[in-house]
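Subject: Handing over a structure

Dear colleague,

I am passing on the structure below, together with some notes on what was found in it. Please have the sequence and the coordinates open while you read.

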Amino acid sequence: MGEIKVFCPVALKMHPAGAEPVDAFGVEWAVRHDLFTGDSAAARMNVGLAIAAAMPFTSEEFVKAFTAYCYWTFAWDDHLDTLADDPAALAAHIAEVAFALNASTEAPIAEDRWVRGARASRDLLSRCMSPAGRAAFVETNNYWITGELWKRVMQHRQARPGVGEFIRMRKAKMGMTVLAAMTGPGGGYPMGSRQLSEPPVQAFSEAVLLACSFFNDMVSALKEAPVQKHINIMAALGRDDGLPDDRTNAAAYELYERTVCLALRLQRRLLADPRPEVVRYAAELPQWIPATLHFTATSARYHLPDLPGDILELSDTPLVWDSDDHTPPPHPQIAWWWDHALPHVASAPHPRTTASVRS
């Protein structure tokens, strides 16, 4: 992959607990729950870096618990690929996990390490959230699980999904609603479903987190090619925009920059909101952008062993997109976001310095 320069106008922050102790907690928890062994590649995914950088304003208890939960989600996601050729077994297994996440702690669950891991991660997080936070966690996980099933259905189809269907699936599959819903409870402030469902807030949430998804698709394409070569934003753009395969990566990166520029304009609108919780949410959620870039540059989940060490150089300014161009893209599934941004405001980056990350 060589040296990669990427637009990232949001400065990286790190949780005071430190990425390494947070990651060590998550790995130890996952090994103890038999999700993988300590000498496996999964133990080097560096999920703690992603969560410590994405949620630097949460309590130490929460950031560690959420890292453990994310280790379960990543490991379980990979496990589901092993069931992809048996749809009946896949559906039954996903249903058991959904039951474990929703049922009372006292209710018996299936004797399966992935099902037990789901219950254990929920209970760990429950200890550091209010009842409203716990309810939001369960509700949004139910939506995420539909995305896991939706993706596997796509794997059995020959035709590529278009941009609209792909993004609808990806919003669920990436756990976007979980990440958005946990930002408030993790930080100890109210940010419930009513605020999150308001169109300007929802547009902002989707722009921030789907920008992360677009970048992740570009990085993880090699890893996922054997099972889902046609299920990513590049393939969807290629189908809808009639692009040859050698142009789809460039189109996806342009969409990433275009979306990040919009997210900043949406953020400016929400920072002027009279409600303190909305202002804090607007200030904190974009930390997922540098967290995603740094995570994907260093994680064993994406860094294939036969590739040289990568250098990720972060730029304050867009490389290919004009930040003063506020034209919505020709994709209705996301074009509505542009309706809620402040008009005629250039997407000037926040002050930061160019940084490099070596994996």
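Asp 34 is partly exposed, with a relative accessible area of 44%, a value that falls between the 20% under which a residue counts as buried and the 50% over which a residue counts as exposed. Please keep in mind throughout that this is a predicted model. Asp 34 sits in the loop between H1 and helix H2 (47–54), and its phi is positive, at about 65°, although Asp 34 is not a glycine.

The loop between H1 and H2 also holds Asn 46, a residue other than glycine whose phi is likewise positive, near 65°. Asn 46 is partly exposed as well, with a relative accessible area of 22%.

Turning to how helices pack, helix H1 (residues 19–32) and helix H3 (residues 60–81) meet at an angle of about 50°, and their axes are 8 Å apart. The two helices, H1 and H3, are therefore oblique to each other, and H1 passes H3 in a right-handed crossing. On the H1 side the contact involves Pro 21, Val 22, Asp 23, Phe 25, Gly 26, Val 27, Trp 29 and Ala 30, while H3 contributes Val 63, Lys 64, Ala 65, Thr 67, Ala 68, Tyr 71 and Trp 72. Sorted by type, the residues of this contact between H1 and H3 comprise eleven nonpolar, two polar and two charged.

Val 163, Gly 164 and Phe 166 of H7 make the contact with Ile 233, Ala 236, Leu 237 and Asp 240 of H11, and the residues in the contact of H7 with H11 divide into five nonpolar, one polar and one charged.

Lastly, helix H8 (residues 176–187) has twelve residues and spans 17 Å from its first C-alpha to its last, which is close to the expected 16 Å. H8 is mostly covered, with eleven of its twelve residues buried; among them are Met 176, Val 178, Leu 179, Met 182 and Pro 185. Just after H8 comes Gly 188, which takes a positive phi of about 80°.

With best wishes

Definitions and conventions. Residues numbered from 1 in each chain as written. Predicted model: local features only at pLDDT ≥ 70, side-chain atom pairs only at ≥ 80, totals over all residues. Heavy atoms only, no water. Helix = DSSP H or I, 4+ residues; strand = E, 2+ residues; numbered from the N terminus. Expected span 1.5 Å × (residues − 1). Buried < 20%, exposed > 50% of the residue type's maximum accessible area, 1.4 Å probe, protein only. Axes fitted to C-alpha atoms, helices over the stretch in contact; angles between N-to-C directions. Parallel < 35°, antiparallel > 145°, perpendicular 65-115°, else oblique. Left-handed = near helix turned anticlockwise from the far one by under 90°. Contact = heavy atoms within 4.5 Å. Nonpolar A, V, L, I, M, F, W, Y, C, P; charged D, E, K, R; others polar.
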